[in-house]
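Trainee: Please take me through the features of this model one at a time. I would like the general idea and then the case at hand.

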Amino acid sequence: CELDVLDLVPFGQTGNESRFFALRLSRPEWTRWRPGQFVMIRPRNFGLDIPWARPLGICHMTSRHMICFFQVRGKGTRRMSELRSGDKVRVWGPLGNGFAVEPDTPTLLLAGGMGIVPFVGYVSEHPKPWNVSMLFGHREHISCYPVDSINEHVPLDSLREAESGDLDDFIFTIQERMSEYAEQKGLVLACGPTPFMRTVQKFAAELGVRCQVSLENRMACGVGACLGCVTKTTEAWPVEAKREGLVQVCNHGPVFWSDQVEL
Ligand code: FES
């Protein structure tokens, strides 16, 4: 579908050029979506030099608009940061599967950097009361991220890796929180960069806690056509993969049970 850009809001410290943006688009016609799903987006200002659409996680959706959040990392996202109100973008979605929602289960959300994006929708849509808390690790200043809507809904612990200066402290905190949820027979949902996901996956296996991870593999088509996003499965993968031992992150994920994929 084609949507209108309502506005583009920069995040981050004043005085610095922002690399973080909330893109608010007119509401698509979909009636259902799940936090953790994503859209492929192609603004009209992508010329022939940017042939592919870009995947963006859905941050939040209301009856009036959809918000996606992105960080400028290359030519496509740089071009997106130049969008203006009234511009048109083509959007395909919602794509992928989304995170498990288990209101009767204590749930720990673990976010690393931009991995906070799907949890904005997750906490604002979740039924209350529900035992949900969140640990957020980030290198950039916290004002670069959409944390306000999280704080409104669930307890959020924020750990700035660069400030603590000690990655071991951060890893220890993750392990400690995950072991609390393992004791409660809870659920851990994680989203962030691959090294962060690997750490979470390792602790989940050691502690025996149910855990889902959202993968950030590069995507070109977003709909299972290019095989650009494949990842390896483990023996715990329940269905026969299309290619032996491989699954498409865009089709079968991006959210997986942590014991079912290799990171
Ligand atoms: Fe093309 Fe997944 S991005 S198959």
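Trainee: In which strand is the place of P94?

Mentor: P94 belongs to strand β6; strands are DSSP runs of E with at least two residues, helices are runs of H or I with at least four, and both are numbered from the N terminus. The model is predicted, so local features need pLDDT of at least 70 and side-chain atom pairs pLDDT 80 or more, while totals for chains, interfaces and linings use all residues. Residues are numbered from 1 along each chain as its sequence is written, and side-chain values use heavy atoms, with hydrogens and water left out.

Trainee: Is the peptide bond from G93 to P94 cis or trans?

Mentor: Most residues other than glycine have a negative phi, and most peptide bonds are trans. The bond from G93 to P94 is cis, with omega near -5°. A cis bond also joins G253 and P254, with omega about 5°; P254 is placed in the loop between α7 (249-252) and β14 (255-257).

Trainee: Which residues have a positive phi without being glycine?

Mentor: K185 is one of them, with phi near 55°. K185 is in the loop between α5 and β10 and counts as exposed at 70% relative accessibility (buried is under 20% relative accessible area, exposed over 50%, partly exposed in between, with a 1.4 Å probe and protein chains only). L227 is another, with phi of about 60°. L227 is in the loop between β11 (210-214) and β12 (230-232), and its relative accessible area of 33% makes it partly exposed.

Trainee: Which strands pair with β6?

Mentor: Two strands pair if DSSP finds at least two bridges between them. Strand β1 (residues 2-11) is antiparallel to β6 (residues 88-95) over 3 bridges, and D4 has K88 in β6 as its bridge partner. Strand β3 (residues 38-43) is antiparallel to β6 over 5 bridges, with M40 bridged to W92.

Trainee: How do I read the largest pocket, and what is its volume?

Mentor: Rolling a probe the size of a water molecule over the atoms shows where empty space is left. On a 1 Å grid over the protein atoms alone, a pocket is an open set of points with protein on both sides within 12 Å along at least five of seven lines, a cavity is a set where a 1.4 Å probe fits but cannot get out, and lining residues have an atom within 4 Å of a point. Points are joined across faces, edges and corners, and the volume is the space filled by probe spheres set on them. Here the largest pocket has about 920 Å³. It is lined by 31 residues, and P55, L56, R73, E216 and N217 are the closest to its centre. Two or more lining residues come from each of β4 (54-61), β5 (65-71), α1 (75-80) and α2 (117-125). The largest share, 5 residues, is from β4.

Trainee: How many of the lining residues are nonpolar, polar and charged?

Mentor: The lining divides into 17 nonpolar, 9 polar and 5 charged residues. Ala, Val, Leu, Ile, Met, Phe, Trp, Tyr, Cys and Pro count as nonpolar, Asp, Glu, Lys and Arg as charged, and the others, Gly among them, as polar.

Trainee: Why is α2 described as largely enclosed by the rest of the structure?

Mentor: Because 7 of its 9 residues are buried, α2 is largely enclosed. The buried ones are V117, P118, F119, V120, G121, Y122 and V123. Their cover includes β4, β5, β7, β8 (132-138), α3 (148-153) and β10 (187-191).

Trainee: What does A111 touch beyond its neighbours in sequence?

Mentor: Contact means heavy atoms within 4.5 Å. Leaving aside residues within four places in sequence, A111 contacts I116, F119, M134, L135, F136, G137, C191 and F196. A111 is part of strand β7 (residues 107-112) and is buried at a relative accessible area of 0%. Its C-alpha lies 5.8 Å from that of A190, 79 residues apart along the chain.

Trainee: Is R177 buried or exposed?

Mentor: R177 is buried, at 12% relative accessible area. It lies in helix α5 (residues 167-183) and touches L108, S133, L135 and D157, with residues up to four places away not counted.

Trainee: How many disulfides are found in the whole structure?

Mentor: A disulfide is a covalent bond between the sulfur atoms of two cysteines. The criterion is a pair of cysteine sulfur atoms within 2.5 Å, and the search finds 0. For C211 the closest cysteine sulfur, in C191, is 11 Å away, too far for a bond. C211 is buried at 2% relative accessibility, whereas C226 is partly exposed at 33%.
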